[in-house]
Amino acid sequence: MSDTSEAYAPPRVGEPAPITRLFGWGMLTILVAFLVNNVLTVFLKWPGASAAFGDGGGLAWAQLALYVLAISAAAAITFGKPDVALRYDAKKISDFNAYLIRSCFWVVLFVGVVDTAIAFMRVENFLPIFFGEEWAKEFGRPRYVGPYVHVPLIILGFVVGVFTRTLGFTWLALLIVIAELLIVISRFVFSYEQALMGDLVRYWYAALFLFASAYTLLEDGHVRVDVFYAGMNPRKKGRVNALGAICLGMVTMWVIIFIGYNGATAVLNKPMLSFEISQTGATGMYTKYQMAAFLGVFAITMLIQFVSYLFEAVADMRDEPGKREIAPISH
């Protein structure tokens with residue numbers, strides 16, 4: 001499945017919309033500052049921006065300065081080129097989000113295949129044969145597999161994402177079907193089953209549903225309960241969409257992000273810090289911590305897409321030209 005927004009080319013210049021653009025770009029730059037601060041605080045043990053008003057010292061003030069820099073960057077983007085059309089900004093944001101999503105799909109493909117292979121060799125005791133006793137012990141430790149096997153594959157996924165234009169939903173769905181089929185064949189034909197096989201299916205299922213949400217929003221594919229919406233004119237629809245993007249979409253995503261990344265013991269940070277694995281232990285995959293991170297990826301990509309959605313909605317309210325035509329989804 002390709003990124004269908006690639007061929008869409010809205011006008012670059014349009015009527016200035018400083019408030020909308022400052023708000024939207026501010027959401028994105030503050031998101032970046034928040035995520036960078038999360039890494040500094042949780043993984044590098046910096047004191048946190050809130051400690052700037054206590055005894056956090058220079059590091060805390062540096063973290064606080066990131067938010068000031070974020071707001072300044074949003075203002076520079078907005079007022080540096082005030083005549084940039086909202087639809088042009090919306091497409092630019094959507095295209096970047098598409099890169100993030102397709103890169104994440106490559107990541108789960110690479111990690112899923114490699115970690116399954118390692119888990120299979122670990123269960124069947126093939127690791128000492130191919131890698132020796134010392135390496136076999138290392139591949140049995142989640143704190144080794146995570147940083148030294150998964151992280152390079154994650155980097156590779158984001159590099160491959162630069163050179164591809166497919167979002168990969170169709171192929172990932174096919175891989176899930178193949179993985180399920182292999183479980184059925186191995187269980188009922190060969191009476192063989194390992195925990196790693198179910199782990200792989202759950203790993204790919206989680207990625208499919210959580211990563212595809214932002215793309216579905218771009219294609220207006222989410223189900224609407226549109227008792228009144230269907231009969232509205234484009235301007236009223238734009239007003240409803242803008243209000244929904246802010247009050248329902250962005251607020252919900254920020255709640256997930258704040259709760260998920262609120263300190264080292266937060267629900268998303270804690271599994272990643274410890275490279276948490278499932279209760280199946282060495283007989284399963286070592287990817288449970290990544291499945292916790294999937295929820296963060298979902299919230300981040302959805303927040304980015306809601307900013308693009310807001311720009312499009314305000315452009316509809318103002319009846320600006322260049323609206324992208326979305327093919328109706330058949331049911």
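Student: What makes Asp 316 buried or exposed?

Tutor: This is a predicted model, so each value is computed from predicted coordinates. Asp 316 has a relative accessible area of 11%. Buried means under 20%, so Asp 316 is buried.

Student: Which residue does the side chain of Asp 316 meet, and why is that called a salt bridge?

Tutor: The side chain of Asp 316 meets that of Lys 323, with 3.1 Å from N to O. The cut-off is a Lys or Arg side-chain nitrogen within 4 Å of an Asp or Glu carboxyl oxygen, so the pair of Asp 316 and Lys 323 is a salt bridge. Side chains of opposite charge can pair when their charged atoms come close.

Student: Is Lys 323 buried, exposed or partly exposed?

Tutor: Lys 323 has 47% relative accessibility. Buried needs under 20% and exposed needs over 50%, so Lys 323 counts as partly exposed.

Student: Which residues are linked with Asp 316 and Lys 323 in a network?

Tutor: Arg 87 and Glu 312 are linked with Asp 316 and Lys 323 in a network of salt bridges. The whole structure has 12 salt bridges.

Student: How do you know that Arg 318 and Glu 320 form a salt bridge?

Tutor: The closest N and O atoms of Arg 318 and Glu 320 are 2.6 Å apart. The limit is within 4 Å, so Arg 318 and Glu 320 qualify. Arg 318, at 26% relative accessibility, counts as partly exposed, whereas Glu 320, at 11%, is buried.

Student: Where do Asp 95 and Lys 91 lie, and why are they about one helical turn apart?

Tutor: Asp 95 and Lys 91 are in helix 3, and they are separated by about one helical turn because they are 4 residues apart. An α-helix has 3.6 residues a turn, so residues three or four places apart point the same way. Asp 95 forms a salt bridge with Lys 91, with the closest N and O atoms 2.6 Å apart. Both Asp 95 and Lys 91 are buried.

Student: What makes Asn 125 exposed?

Tutor: Asn 125 has a relative accessible area of 51%. Exposed means over 50%, so Asn 125 is exposed. Asn 125 is found in the loop between helix 3 and helix 4, and has a positive phi of about 60° although it is not a glycine.

Student: How do you know that Asp 319 is exposed?

Tutor: Asp 319 has a relative accessible area of 55%; with the threshold at over 50%, Asp 319 is exposed. Asp 319 sits in the segment after helix 10 and has a positive phi of about 55°, although it is not a glycine.

Student: Why does Thr 287 count as buried, and which residues is it in contact with?

Tutor: Thr 287 has 2% relative accessibility. The limit for buried is under 20%, so Thr 287 counts as buried. Thr 287 lies in the loop between helix 9 and helix 10. Leaving aside neighbours within four places in sequence, Thr 287 is in contact with Val 111, Asp 115, His 150 and Tyr 203.

Student: How many residues are in the largest nonpolar core?

Tutor: The largest nonpolar core has 82 residues. Those with the most contacts inside this core are Val 108, Phe 169, Trp 204, Phe 211 and Ile 257. Among the helices that each supply at least two residues of the core are helix 1, helix 3 and helix 7. Helix 10 gives the most, with 18 residues.

Student: How do you know that the length of helix 1 agrees with its number of residues?

Tutor: At 1.5 Å a residue, the 26 residues of helix 1 should span 38 Å. The end C-alpha atoms of helix 1 are 36 Å apart, which agrees. Just after helix 1, Lys 45 takes a positive phi of about 65°.

Student: Which residues form the nonpolar patch on the surface, and why can Phe 126 count as partly exposed?

Tutor: The patch is formed by Phe 120, Phe 126, Ile 129, Phe 130, Phe 131 and Trp 135, with about 630 Å² of accessible area together. Helix 4 gives the most to this patch, with 4 residues. Phe 126 is found in the loop between helix 3 and helix 4. Phe 126 has 31% relative accessibility, and so counts as partly exposed. A patch residue needs over 30%, so Phe 126 passes that cut-off.

Methods:
Residues are numbered from 1 along each chain as its sequence is written. This is a predicted model: local features need pLDDT of at least 70, side-chain atom pairs count only at pLDDT 80 or more; totals for chains, interfaces and linings use all residues. Side-chain values use heavy atoms; hydrogens and water are left out. A nonpolar core is a set of buried Ala, Val, Leu, Ile, Met, Phe, Trp, Tyr and Cys residues joined through side-chain atoms within 4.5 Å. Buried means under 20% relative accessible area, exposed over 50%, partly exposed in between (1.4 Å probe, protein chains only). Contact means heavy atoms within 4.5 Å. The expected span of a helix is 1.5 Å times one less than its number of residues. Patches are made of residues with over 30% relative accessible area and no salt bridge: like charges are joined within 9 Å, nonpolar side chains (Val, Leu, Ile, Met, Phe, Trp, Tyr) within 5 Å. Accessible areas come from the Shrake-Rupley method with a 1.4 Å probe; for residues, only the protein chains shown count as cover.
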